[in-house]
Protein chains: 2
Amino acid sequence: MDKKTVGLSNDFKSSTAPKTFTKNPIKGTKLTIAISSAKGGVGKSTFAMNFALALKSLDLKVGILDADIYGPSLPRMMSINEKPKSEDGKSMVPIDKYGIQCMSIGFLVDEETPMIWRGPMVTSAIKTFAQKVLWNDLDFIVVDMPPGTGDTQLTFAQEIKVDGVIIVSTPQEVALSDVKRGIRMFDKLKVPILGLVDNMSFFESDDGKKYNIFGEGGVEKLATNYNKKFLGKIPIDIDLRVAADSGKPLVEENPNHKISKIFKEIALKTKGSFL
Amino acid sequence: MDKKTVGLSNDFKSSTAPKTFTKNPIKGTKLTIAISSAKGGVGKSTFAMNFALALKSLDLKVGILDADIYGPSLPRMMSINEKPKSEDGKSMVPIDKYGIQCMSIGFLVDEETPMIWRGPMVTSAIKTFAQKVLWNDLDFIVVDMPPGTGDTQLTFAQEIKVDGVIIVSTPQEVALSDVKRGIRMFDKLKVPILGLVDNMSFFESDDGKKYNIFGEGGVEKLATNYNKKFLGKIPIDIDLRVAADSGKPLVEENPNHKISKIFKEIALKTKGSFL
C-alpha cells in the first residue's frame with residue numbers, strides 16, 4: 001500500500017491529477033482548418049465563407065462550421081433560413097448551400113435571440129457541433145472561430161483535432177497586438193498555423209488612389225517576425241461586403257472578380273499544404 | 001416539519017434555489033457607462049477612449065476600465081507601459097494618463113501574452129477590476145466591453161451596477177444582426193441603453209467623394225425600430241486610427257478635429273442624461 005495516498009480515495013486522486021485531453025477528429029472530414037483572428041471584426045467570417053467556396057471551386061468537398069456562438073454570421077452570409085433535420089433527435093444533418101455543408105447555432109435560434117451563455121454552455125455547444133453533426137465525406141471543414149482566446153479556442157485546441165489555423169487580421173497596430181497573442185496561443189497549444197492573411201489591406205477609390213485606412217504592411221512583417229507563412233492580402237472591397245450582406249458570397253456570385261481570384265490563390269496554397 | 005423537504009439538507013436547498021444577484025456599484029465613481037457592440041472590430045475601443053477624453057474635456061472626472069480580457073486595447077491606445085501600484089498587495093491604484101484613471105488586464109501581463117482562460121477566470125478578473133481598483137472620486141467610469149454576450153456581459157449585467165450602455169456598430173447587415181442580439185440582451189437583463197452610435201459610417205476620399213464601405217443608415221434605422229436613441233455617426237478617418245495606434249487618442253491629440261467634435265457632442269448628450 002502506498003503510504004502517501006492513505007486516506008485519499010481514488011476519486012480524489014483522479015480529480016486532482018492533471019487533466020489530459022484526447023484530440024478527436026471531427027467525424028466525416030479528412031481535414032479541419034480553423035479561421036481565427038483573436039480580434040473581432042477583421043472580416044474573418046467573410047473570409048471563411050469565401051475561402052470555403054474557393055476550396056469547393058477546386059473540386060474539393062467542403063463544410064463550414066460556424067463556431068461563433070455569440071455572433072453567428074453564417075445564416076445571413078449564406079442566406080440560410082431553415083432548421084437542420086434530425087433522424088434520431090440527437091444528431092443533426094448539416095444544411096447544404098451552394099454545394100457546401102453548413103452548421104451554425106444561428107440555424108437553431110431566431111436571428112435576434114442573444115445566446116446569453118457562460119463559458120461551459122459554449123463549450124458544450126461546440127462539442128455537440130463537432131460530434132453530433134453528420135458531416136458527409138468532406139475533404140475540408142472550415143471552422144469560423146469567434147474572436148478571443150477563450151472557451152471555444154481552448155475546446156478546439158485541446159479536444160478537437162485541428163489540422164491547421166489561418167489567422168486573419170487587418171493591418172492596424174491594435175489588431176496586430178491581438179494577432180501576436182493568437183499566435184502565441186496556438187503555438188502553446190500545439191495547433192499548426194498555416195499562415196497569416198492581411199485583410200482590408202487598403203481601399204482604392206474610383207480615381208485609382210490607394211488609402212491605407214488601417215495601416216500598411218503590418219501583417220506581412222509580423223508573419224516574418226514570427227516565422228509564419230504570409231498567405232496574401234485582400235483589399236477593402238464594397239462588392240465583397242455587399243455580397244456577404246446579400247447572402248451570396250462573392251466567390252460564388254462572381255467567381256472571376258479580382259477578389260475571388262485572391263481567395264482561390266489562398267485556397268490553392270492551403271490545398272497544396274495537405275493534398 | 002415540511003414533508004416535501006424531508007431528506008434534503010439546507011445546503012442542497014440553497015444550492016438548488018434560483019440564484020439572486022446583488023448589483024454593487026463600482027466604488028469611487030458616481031456613474032458607470034459601458035461601451036458595447038456585441039460584434040468585435042467595430043471601433044468600440046477607439047470609441048471608448050475618445051469618448052472618455054471627450055467627457056473629461058467637459059470638466060468631468062473620468063476613468064476607463066478595459067474589460068476586454070482577451071484583447072485589451074487600452075495599454076497601446078493610451079500609451080501606458082507601467083504596472084499599477086498596490087499598497088496592500090490586494091487593491092490596485094489605477095494609472096493616470098491624459099487626466100484619466102485607467103485599468104486594464106494589459107497592465108498586468110506583457111503585450112504578447114495571451115490570456116488563455118475559460119469563462120470563470122474571466123469573471124473573477126472582472127470582479128477584481130470592479131471591486132479592488134481604487135478609483136478616486138470619479139463622475140464617470142467608461143467600461144470598454146469585449147464583443148459577445150458571454151461571461152463579461154453577464155457579470156456586469158448581474159453583479160455590477162451599470163447606469164447605461166452605449167452600443168457602437170458599423171452599418172453592415174451582418175454587424176446589425178449582432179447589435180439586435182446585444183439590444184435584446186441588455187433589455188432582458190434590465191440594463192438601460194443610452195443609445196446607438198454608427199461608427200465607420202462612410203469614407204470620404206481626398207476628392208470629396210463619399211463611399212459607403214460598410215453600408216448606409218443601418219444603425220439609425222435599427223435605433224428607430226427598437227425605440228432607442230441614435231447618438232450620432234462617426235465616419236472612417238485615418239487620423240482617428242493613426243492617433244489610436246500611436247497611443248494618443250485624437251480627442252486629446254487634436255481637440256478641434258472634426259471627429260473630436262463629434263465625440264464631444266456625444267459626450268454632452270451623455271452628460272445631459274445624468275447630470
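Biologist: How many salt bridges are there across the interface of chain A and chain B?
Modeller: The rule finds 8, taking a side-chain nitrogen of Lys or Arg within 4 Å of a carboxyl oxygen of Asp or Glu. One of them joins Asp206(A) and Lys209(B), at 2.2 Å from N to O. This is a predicted model, where local features need pLDDT of at least 70 and side-chain atom pairs pLDDT 80 or more, while totals for chains, interfaces and linings use all residues. Residues are numbered from 1 along each chain as written, chains are lettered from A in the order written, and side-chain values use heavy atoms, without hydrogens or water.
Biologist: What area is buried between chain A and chain B?
Modeller: About 4900 Å², with carbon and sulfur atoms giving 55%. That is the accessible area (1.4 Å probe) the two parts lose on being put together, summed over both.
Biologist: And how many residues of each chain are in contact?
Modeller: 54 of chain A with 54 of chain B, contact being heavy atoms within 4.5 Å.
Biologist: Switching topic: is Thr149(B) buried or exposed?
Modeller: Thr149(B) is buried, at a relative accessible area of 0%; buried means under 20%, with a 1.4 Å probe and protein chains only.
Biologist: Which residues does Thr149(B) touch?
Modeller: Leaving out residues up to four places away in sequence, Thr149(B) touches Tyr70(A), Pro114(A), Met115(A), Ile116(A), Trp117(A) and Met185(B). A polar atom of the Thr149(B) side chain also lies 2.9 Å from the backbone oxygen of Met115(A).

Technical notes:
Buried means under 20% relative accessible area, exposed over 50%, partly exposed in between (1.4 Å probe, protein chains only). A polar contact is a pair of N or O atoms within 3.5 Å; within protein, one must be able to donate a hydrogen and the other to accept it, and residues adjacent in sequence count only if both atoms are side-chain atoms.
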